[in-house]
Amino acid sequence: MNPMPINENMKEVSNEPLSKEIPEGYLKELKRQEARKSELAQLLKEALKSEERIVFEAGCGHGHWLTSYAMKAPEHCCLGIDLIASRIAKANNKKDKRSLDKLHFLKAEMTEFLEVLPEYIRFQSIIFLFPDPWPKARHHKNRMIQYPLLELLAQKIAPGGKLFFRTDDRGYYDWTIEHLEASKVWAIDKDAEWIHEEATYFQDLMDSYYSVIAQPIILNG
Ligand SMILES: C[S@@+](CC[C@H](N)C(=O)[O-])C[C@H]1O[C@@H](n2cnc3c(N)ncnc32)[C@H](O)[C@@H]1O
């Protein structure tokens, strides 16, 4: 039998596998997450096939906007993701009725999606339309726009690509402007035109909204 290992402070260190120390519920959630990600990776492989550039909508809801965009530009590969399965089902109904082969909707969470997206895929455009605003200060950490995400998206944007953000929530708009202005990887592009005008389900419910477009900062050397 192996003796119990002794660390540098000469305290006894347990030789038990780590899994014994992690709560069972947490381990189960980790396993579910791994299963979800591996299924998503497979679905992405099937959907994107040999594509290298995609128009990507984060939190696409019922897929209204992206379907309309794909009808205007059927040659572009378009992918929308959303957390809610019933919304993705509605989006896929829209796609199927129009036989848009290069349009894809998948149920996925943003962080998990970015973890399993094939490394070689680049975003031609990244679109956020009316993302959940999480207006209370203690919930701001739940907003999709955060510095680490902006860094990651900048690494994955194609040359000439842009990020499009639209919200009805003034607080979230100001937050996004602040994050883009402070970011070393994105610059606000005041002259750029909105990618495609089509009211989303949520846009239709709102009286007014605010939009911002950003382009990646190309770092030399
Ligand atoms: C207010 S709705 C807007 C939906 C659609 N863009 C529109 O304008 O009609 C926000 C959507 O983002 C999705 N969402 C929120 N957080 C997400 C995340 N981390 N990953 C993927 N989707 C997310 C929600 O499920 C919801 O459908």
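In the predicted model, buried residues account for 27% of the 221 residues of the protein. The secondary structure consists of seven helices and seven strands, and these elements follow one another along the sequence in the pattern α-β-α-β-α-β-α-β-α-β-α-β-α-β. Among the contacts in the protein with a separation of 6 or more, 77% are accounted for by residues 24 or more positions apart.

Just after α1, Lys49 adopts a positive phi of about 40°.

Strand β2, which spans residues 78-82, presents another picture: five of its five residues are buried, so the strand is largely enclosed by the rest of the structure. In a regular strand the side chains alternate between the two faces of the sheet. In β2, Cys78, Gly80 and Asp82 point one way, while Leu79 and Ile81 point the other way, and all are buried. Strand β1, formed by residues 53-58, pairs with β2 in the parallel sense over four bridges, and Val55 stands opposite Cys78 of β2.

Helix α2, residues 64-72, contains a set of buried residues made up of His64, Trp65, Leu66, Thr67, Tyr69 and Ala70. The elements that cover the buried residues of α2 include β1 and β2, together with α3 (85-98), β3 (103-107), β4 and α7.

In soluble globular proteins, nonpolar side chains tend to be buried together. The largest nonpolar core of the model has 38 residues, and those with the most contacts inside this core are Ile54, Phe56, Leu66, Cys78 and Ile126. Strand β4, residues 122-129, contributes the largest share of the core, with five residues. When residues up to four places away in sequence are not counted, Ile126 touches Phe56 and Ala58, as well as Leu153, Ile157, Leu163 and Phe164.

Ala154, located in α5, is classed as buried because 21 other C-beta atoms lie within 10 Å. Although Ala154 and Phe123 are 31 residues apart in sequence, the distance between them is 9.3 Å, C-alpha to C-alpha. Leaving aside residues up to four places away in sequence, Ala154 touches Val185, Trp186 and Pro216. Leu150 also belongs to helix α5 and counts as buried because of its 20 C-beta neighbours inside 10 Å, where 20 or more are required for that class. Leu150 and Trp186, which are 36 residues apart in sequence, are 7.8 Å apart in space, C-alpha to C-alpha. With residues up to four places away in sequence again not counted, Leu150 touches Ile145, His179, Ser183, Val185 and Trp186.

The shell around the ligand contains 19 residues, of which Gly59, Gly61, Phe130, Thr200 and Phe202 come nearest. By residue class, this shell divides into 11 nonpolar, four polar and four charged residues. Strand β2 and helix α7, the latter spanning residues 201-205, each supply at least two residues of the shell, and α7 gives the most, with three residues.

Backbone geometry was also examined for residues with positive phi. Most residues other than glycine have a negative phi. Ser99, which is not a glycine, has a phi near 50° and is found in the loop between α3 and β3. Ser99 counts as exposed because it has 8 C-beta neighbours inside 10 Å. Trp134, likewise not a glycine, has a positive phi of about 40° and is found in the loop between β4 and α5, the latter comprising residues 147-156. With 17 other C-beta atoms within 10 Å, Trp134 is therefore classed as partly exposed.

Methods:
Residues are numbered from 1 along each chain as its sequence is written. This is a predicted model: local features need pLDDT of at least 70, side-chain atom pairs count only at pLDDT 80 or more; totals for chains, interfaces and linings use all residues. A nonpolar core is a set of buried Ala, Val, Leu, Ile, Met, Phe, Trp, Tyr and Cys residues joined through C-beta atoms within 7 Å. A residue is buried if 20 or more other C-beta atoms lie within 10 Å of its own, exposed if 12 or fewer, and partly exposed in between; C-beta atoms are placed from the backbone. Two residues are in contact if their C-beta atoms, placed from the backbone, lie within 7 Å. A residue is near a molecule or strand if its C-beta atom, placed from the backbone, lies within 6 Å of it. Ala, Val, Leu, Ile, Met, Phe, Trp, Tyr, Cys and Pro count as nonpolar, Asp, Glu, Lys and Arg as charged, and the others, Gly among them, as polar. Two strands pair if DSSP finds at least two bridges between them.
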